[in-house]
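Subject: Structure handover

Hello,

Here is the structure I promised to pass on.

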Amino acid sequence: MGQNWNAEDYAMNSKGQLKWGEELIEKLFLEGNEAILDIGCGDGKISAKLSKLVKEGEVFAIDASENMIRFASGQFPKKLFPNLTFLKMNAIEINKLNSLKKFDIAFSNACLHWVKNHAAVIKGVRAILKNGGRILFQMGGRGDVGEVLSSIKVVRAMPAYRKYFENFAAPYYFYGAEDYEIWLDKNDFLPVRVELISKDMRHDGDESFKGWLRTAWFPYTDYLPKALRDAFLAEVIEVYKINHPADEFGNIHVKMIRLEVEAHAV
Ligand SMILES: C[S@@+](CC[C@H](N)C(=O)[O-])C[C@H]1O[C@@H](n2cnc3c(N)ncnc32)[C@H](O)[C@@H]1O
């Protein structure tokens, strides 16, 4: 599955990811001189925040999506963010940075559940980290968005949509702590914290919920002709709300299970 993101739409519909990113940044306890690799930087707003926090350091932000990198480079240009560099690169090729630069921190928010081969990512990350360097990742973990997935499954099976999903393959990889512990150990990392964390994602109504589904769940809607995509998402929302109605303020809640990984290179 290609990373066929609409970067502008993502930038406007990623409040949830931004909140998690900000919470994750706080756990870095930055001193201001670190070299940070941001893996799967998306529209670049979290990388830009990081670059402001490491005024004497620098941020290298990579993403597999050309649209995202083009958008991020336009939003956060070198002349305003001299210590921030965007580069189109797949997370499984991080080892290619090895000859270029060594980093103090590898950081990643809301990206790695898109990647199947985490063993390759961790191996690459170990190669580009300094000794004593560290990683802090948060991604969708085992059991994440289960109720959204169930609702999509119901709608996929509806007569209007079924035929388009005949060759459907699930696009996300939700791993558990025990998977990571093996990959960390094999690649000379000492785990500090590897845990599944439950989070509530709040959308202030159907439009906001649909905005998130439209931008981050394109691997599903891409199976459909463009003319059917909006109706499909509206149907998913209706099905979801049968079991998870909006709260008294009209907010729709989604139960998220995030896998957070903190480890030191040894
Ligand atoms: C939900 S966005 C998160 C963006 C940003 N980190 C944030 O928190 O707003 C996921 C990003 O991961 C990127 N991505 C997915 N698979 C990737 C891979 N194999 N290598 C690098 N980036 C990848 C996508 O292109 C997308 O920009």
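Below is what I found, going from the whole chain down to single residues.

Overall build

Please keep in mind that this is a predicted model. The protein has ten helices and seven strands. Its radius of gyration is 19 Å, close to the 18 Å that the globule rule gives for 266 residues, so the protein is as compact as a globular protein of that length. The C-alpha trace spans about 55 × 40 × 40 Å along its principal axes. Of the 266 residues, 40% count as buried.

Strand E5 and its partners

Start with strand E5, residues 129-140. Nine of its twelve residues are buried. Which strands pair with E5? One is strand E4, residues 103-109, which runs parallel to E5 over six bridges. In that pairing, Ala-106 stands opposite Ile-135 of E5. Another is strand E7, residues 252-265, which is antiparallel to E5 and joined to it by seven bridges. There, Gln-138 has Glu-260 in E7 as its bridge partner.

Helix H5

Helix H5 covers residues 118-128. Together with E4 and E5, H5 makes a right-handed β-α-β unit. The buried residues of H5 are His-118, Val-121, Ile-122, Gly-124, Val-125, Arg-126 and Ile-128. What covers them? The cover includes E4, E5 and E7, along with strand E1 (35-39), helix H7 (177-186) and strand E6 (189-203).

The ligand

How many residues surround the ligand? There are 21. The closest are Gly-40, Gly-42, Ser-65, Ala-91 and Trp-114. By class, the shell has eleven nonpolar, nine polar and one charged residues.

A residue on the outside

Look at Ser-150 in helix H6, residues 146-156. Is Ser-150 buried or exposed? Ser-150 counts as exposed, because it has 12 C-beta neighbours inside 10 Å, and the cut-off for exposed is 12 or fewer. Ile-242 is 92 residues away from Ser-150 along the chain. The C-alpha atoms of these two residues are separated by 12 Å.

Best wishes

Terms used:
Residues numbered from 1 in each chain as written. Predicted model: local features only at pLDDT ≥ 70, side-chain atom pairs only at ≥ 80, totals over all residues. Buried ≥ 20, exposed ≤ 12 C-beta atoms within 10 Å, placed from the backbone. Helix = DSSP H or I, 4+ residues; strand = E, 2+ residues; numbered from the N terminus. Pairing = 2+ DSSP bridges. Right-handed = clockwise from strand over helix to strand, strands pointing away. Near = placed C-beta within 6 Å. Nonpolar A, V, L, I, M, F, W, Y, C, P; charged D, E, K, R; others polar. Contact = placed C-beta atoms within 7 Å. Rg over C-alpha atoms; globule rule 2.2 N^0.38 Å.
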